[in-house]
Every structure is written in structure tokens, then in C-alpha cells.
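Hi everyone, thanks for making time this morning.

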Amino acid sequence: MLTIRGFSKSYKGGKKAVHNLNLTVEQGDIYGFIGHNGAGKTTTIRAVVGVMDFEEGEIEIDGISMKKDPLACKSRIAYIPDNPDLYDHLTGIQYLNFIGDLFNVSRKDRELLIAKYADAFQLTPHLGDLISGYSHGMKQKLAIISALIHKPKLLVLDEPFVGLDPKAAHTLKTIMAEVCREGSAIFFSTHVLDTAEKLCNKIAIIKEGRLISEGRTEDVKGENSLEDVFMELIDHG
Amino acid sequence: MVNIWRLTKLQLISTFGFNKALHTRDAKERRKLLLLSIALLLGVLMIAVFSFGYSYAMATAFEQIGRLDLLLAIMMAVTSAVGFFTTVYKAGGVLFSYKDYDLLMSLPVKTSHVVASRVLQLYVLNLFFTLMVMLPAGAVYALKVRPEAYYYLLFVPLLLCIPLIPIIAATVIGALISWFSSRFRASRMINLVLTLLFVIALILGSFTLDGNEPELADLGTGLAETIFKLYPLTELYVDAVSAYRMDAFLLFILLSVLAFVVFCTVLGTRYKAIHTGLTTSRAGGKYTMQPLKASTAFQALYRKELRRYFSSSNYVLNTGIGMVLLLIMSVSLLFTSPEQLGQLADIPQLQRYLNTLAPLFVSLFVALSCTTSSSISLEGNNLWILRSSPVPKHIILLSKVAVNLTITVPITVVSCVLLMISLGTGWADSLLLFMIPVIYACYTALMGIIVNLKLPKLEWTNEVQVVKQSAAVLVAMLLGFISLIIPAGLSFVLTSVDGRVIMLGAGIILAGLCAGMYRYLKNAGERLFLGL
């Protein structure tokens, strides 16, 4: 579903943020992408979803090159950044309808899916309110619903659990498992190692722009906890 | 006091994006800063030269009647009026609509000091204009009068005080409108409507004043009395600077500083309540799913952009005021014959100029109503939504162009029809009067979006920084004016050529430019948008 081959990204001034990164996310995978602050997670994610230009390497979504056909790639992806700033001047339902229009979701499908996910996140009564009046958690929920209503093949989430209350976090985990069972894949970054360990079937650890460990979760962590492995790799890897 | 300066400095360094350009390692950003600085310097020089020339011409007239002090009075009154007018519709925005409110208010700083820093931001920007106008005027006065050294000692400190009272007056009105609006649920809309009504009342009021003003031929005591009556501080200023009266000098400074201190202290007591009222939307929490309407990506983007436009009073007031002015003028021309208008404006051949230049006159207001030059910058932190969407980026850009045309074209067409009636234009003039402003509307909208793509300002804390002070807005306005000045200048210079031919030529060239810009957006829009 997602293939990254030899991806490198240098910022102005020559500093390499990501160096020769290779990974593959397959259909049905919940793929955790972990690393300390400034390790290169967000840079990689931004390149994967096509909001950041890159020169070196290749990124393919569902076999389509992000460089050659970005629109086809983007129509298969849902992206939620770490701090989703949404249009404050729209109401929740106006925003969801707007996203539905951009992703060409049929009227029937969007009504069905908005009702389903808004109910799951207990956001339906607030959909008529302006987003400017939403709390951080409510904005996060709205961003998640907007990501789900166009049935993406690949969900790319940057720190999706930040700001969610425990019930909403549980709902999101359930939905993540559900969409992957239905054939989608999820690639997400997190600092919550406990969640990553329980939720992900694959894990990649990035340090200073280089992948230092990658594979099936049980292979990466072995007999230890993910936290122990992560600390060991970050300190001595 | 030191906190006021710290907060003011914080706001000012982000203005025009200078700080970003100064600290970036990106050579392109630095080049942009250099070009922007040169453009700004040229603008400053142009205004200063114009002010010097205008002051010199006036001084020559005043010299004959022995009232050179009127030069300082008029220029000071004009500076104050411009300061008041340009501040009144952005005061509410600068005072209350900024993103870092929570951060600032959580700091151990007095509320009145936060208010003071917001007012000082307006003050510093107005001070630049005051210096550009008053320094040349003061120099002309000094050249003609050869005053004593006192003049310079009194002139310079008062220069710093001139913008204070007009700004305070404008911010009082802005704050009162904000305070009143904050008590209603639809506070933003009420704020917008009230500010717009106030500006319209101000324009209509100034028309009435024009009618009562003495003509230039009756210069002297009559003119002095009119100016002093309109703005009493002018008399105090003239007494201080040209008559070297220390009491007037001290009173002027005292009044200016007192107005500033009292305003900041009083507003400081109600500041949080007003801000809360303005920014808190009442959550209904009663929504039930309704049938939704699906539309194309372009329609969805257009609707979103239109909602964005009308959700921001700063955006509407700064870009829509030209259209409001155009409509008022067109309607008022129905009741005033061009001859009467010529007498009123003291331009005897106004009828002839109006018939020839009416398309450019209308286009001037169109050029003032460029919403696209700030539309990308206003996306700010929301830009990720559009960048990650599976929509060709030129569609996004064209939806912004379409909103600009929605703001300008309908009012332009109505105004042109009104002008056709009031000016009694023939078929050729009518056709030009209809076509040229519409072409200018397309040119302004397309040029604005390209300029904003090249000069984006995505990091901002206050919308006013984008819609009023960003480099893209200044450059787009400059390009708009240049495109108007060239055909207008040619009409005056090439007197042997029919003005309509020049208009037609300008229309064809601009239409060609529009076609070129449209193609450029279609071909390079994707790359430029993703490069933001």
C-alpha cells in the first residue's frame, strides 16, 4: 500500500533530515513509526502525503508514484497532522461536507459515514457549531471523521491520540483495527509506546533521520517491552 | 513601561516578514527582502517627493496672502484625517483579533499594557506616513520662512505626537463597535456591518463638508477658520510650531499623551470581557443529521472561500471598501450633474475627463478590492487541508479568483450602468465603460493570486498583518495602480489620440495579460502551491 524507497530529504543549508529511508506498509498493516523529537518522523509523513516536495527516492501509494501522479495518490490517502488546524469559520458539518466534496464522496456514502463516525465519537450534537468553539479534542475527533468518510486506502496519522479523551482514544483504536480488517492500511507516528506495542503489527524506529530498526512488532521488541528496546536503540543504537 | 515596548517590538518585527527574512539562511528569502525593501523605499520616496511638490505649490500660494502657517495646518490636518480613516476600520482587528491572545494574557503583564502595545502598533505604522508627509512639508516651510532654531526644536517632538489623537479617536470607535457587537450572538457580522456603516457615514459626511469649504480663491482667514473648526488641534499645532508658543506646545503633547494613557487604562478594564464576547461562539450542541448536498470540488472550494471572506471583518473592510465607495459615488452621481461635480471639486473640465476616463475611474476601485493578494496567506495553518487534498491546485487558486470576481464584478456592472445613465455616454463609451472595469477585475484577481503565490505570509498572529501589511498586498496594489496610471497618463499626454482608442488598447493588452496569467496558473499553479 505504501512503499518508500531510498527517500532522503535535506533542508536548506544542507542538513539531512531523513537519510535513505526504505519501508513498506502492506494492506491490513497498522504500522507504527516511532522516534524522538526531531528524528524525521513528520518530515517523512509530510513527504508521504504529498505536502512536501522531495528530490531523492521514491514514494508509491497503492503502486502509484507520488512524484508522477500526486492527485491519484492523495485521493487514496487520508492525512491528519499532529495539530490539525481546521477552518474555524465553518461548522463541523460544513467542514465534513467540504472534505466530502473534495474527495468526491457520494451524498449517500457521506451521510452514512458521517453519521456512523460522528456517533462513535459522540460529536453529532456539535456538528452544527462553529469549529472555532470546539475544544482541541473535538477538533481532533472532527479531523479523524473527515479522514474516514472517504474510505482511504492508506491512513497517515501524525500523533493521532494527542488530545483525545480515553473513550475517544479507545474508539479510534477500534476503528483503526476495523478499517485495516476491511483492507486499508495505517501508517502513524506516536510517542505512546504502550499503544504502539499493543496496536501495531509492524514498527519502525527512526533516529536522526535513519531507520535503526524495522519489522514485525514481535521481531523488533523480542522478549522485551517496546519501551526498553526503544530506549536501548536511541541511547546506544 | 518596558513590557509595553517588549510587546510592541514583538508585533512589529513580524510585520512585513522582515524578521523571517533577516534570520533565514535561504538566499531566495533574503532576495525577496531586498526587493521588498527597495519597493518600500521607492514608495516612501514617491510619497515624500509628492508631499514636497504639493507643499511647495501650496506654500507659493499661501506666501502671497502671508499665511504660510496654513501649509503646516493643512498638511497636519490631512495627515491626521488619513491616520484616522485608515485606522478606524482596522482598529477592532488589531485590538481584539489576534491568535496569541491567550499566550499574551497569561503573561505577568498588565492588561492596560497589552492594550497599549496594540495601540502602539497602529501608532508606529501611522508614524511612518506622518513622517513621509510632514517632514517635506516642514522642510518647505523652513525654506520659505527661514524660522528660528525654536522651530526645529518644537517641530520634531510634535511630529511624534501628531498621529496619537487621530489613532486614539479611531480606536475608541473601533473599541466601541467591538464592545457593542460583543453583546450579540452574531458579534462578528454586527461588528462588520457597524464598521461599514460608520465608514459610509464618514464618507457621506466628508461630501457635505466639501460643499461648505471655501474655494481656493478665498484663502486666508476663512480657510484657517474652517481647518481649525474641523480639527481644533491644528490651531494648537500651528500656534506651537510657527508662533513658538510653549503653552500650545506643552498642551498638545499633554493632550496626546493623556488621551493615550486614559484610553489604554479604560479599555484595559473591559478588555477581557470584550474579547471573550467577540471570540466565544455559543455552542448549540443540538445538531441532528440532515440530508447533505454534494457538489464539485470547485463549488465546495468557492463556497468555503466565500464563507472565509465574510467571516472576517478585517478582510471585508480592507478589500470591500473600494466597492462600497464605488457604489456610493455612482449613486450620488445620479443626483449630481457632472457640471455641479466639477464646480464642487474645482475641476472645470471634469465632464470631459469623466467621459474619457470613467472606465479607469471605476477600475481604480476594482484595483482597491483585490481579495486574492491575501487569500493564500490567510490559509495560514489551514494550508495542509488544501495541500493534501486530491484536487488540482489550479482549481483551488481559481476558486479564490472566482470569489474576488464575485466581490467586484456585480457591483462594478451595477455602478457602470448607473454611470452610463448619469454621464449619458454614447454606445462606444458605454461599451468601454462596461468592458474595461470587468477586464481590470479579472486582471486584479489573477495578478493578486500570482503575487500571493510568490510572496506568501503564512505565519501570522493577526489577520490585519496579512490583509493590510503583507508584502503581497502592497505589491499587488502597486501593480494595480501602475496598470491604471499608464493608460491615464497616455490619455493626458497623447491629446491628439482619441481617448477611447487608448482605453481599447489598454483593455486588449490587459485581456492578453489575463489570458497569460490564467495559463500560467494552470501550468505552474501546482508547483507554486506545493512550494508554499
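Let's start with Phe50(B) and Tyr54(B), which sit four residues apart in helix H3 (residues 27-64) of chain B and so are separated by about one helical turn. Helices here are DSSP runs of H or I with at least four residues, strands are runs of E with at least two, and both are numbered from the N terminus. The rings of Phe50(B) and Tyr54(B) form a stacked aromatic pair, 5.9 Å centre to centre with 15° between the planes. The rule takes rings of Phe, Tyr and Trp (its six-membered ring) and pairs them if their centres lie within 6.5 Å; planes under 30 degrees apart are stacked, over 60 edge-to-face, and the rest tilted.

How open are these two to solvent? Phe50(B) counts as exposed at 58% relative accessibility, and Tyr54(B) is partly exposed at 45%. For those words, buried is under 20% relative accessible area, exposed is over 50%, and partly exposed is in between, with a 1.4 Å probe and protein chains only.

A quick word on ground rules. This is a predicted model, where local features need pLDDT of at least 70 and side-chain atom pairs count only at pLDDT 80 or more, while totals for chains, interfaces and linings use all residues. Residues are numbered from 1 along each chain as its sequence is written, chains are lettered from A and ligands numbered from 1 in the order in which they are written, and side-chain values use heavy atoms, leaving out hydrogens and water.

Back to the rings: how many aromatic pairs are there over all chains? The count comes to 21. Elsewhere in chain B, one aromatic cluster is formed by Tyr141(B), Tyr151(B), Tyr152(B) and Phe155(B).

Charges over rings are next, meaning NZ of Lys or CZ of Arg within 6 Å of the ring centre and within 35 degrees of the ring normal. Lys144(B) lies over the face of Tyr56(B), 4.4 Å from the ring centre. In chain A, Lys173(A) lies over the face of Phe161(A), at 5.9 Å.

Now for chain A's helix H1 (residues 41-48): six of its eight residues are buried, so H1 is largely enclosed by the rest of the structure. Which ones are they? The buried residues are Lys41(A), Thr43(A), Thr44(A), Ile45(A), Ala47(A) and Val48(A). Just after H1(A), Gly50(A) takes a positive phi of about 80°.

Staying in chain A, Met138(A) is in helix H5 (residues 136-148), and Met138(A) is buried at 18% relative accessible area. Ser389(B) lies in the loop between helix H19 (383-387) and helix H20 (393-423) of chain B, and Ser389(B) is buried at 1%.

Last, cysteines. There are zero disulfides over all chains, a disulfide being a pair of cysteine sulfur atoms within 2.5 Å. For Cys180(A), the nearest cysteine sulfur is that of Cys200(A), 9.5 Å away. For Cys442(B), the nearest is that of Cys514(B), at 5.4 Å. Cys180(A) counts as buried at 7% relative accessibility, whereas Cys442(B) is partly exposed at 25%.

That's my tour, and I'm happy to take questions.
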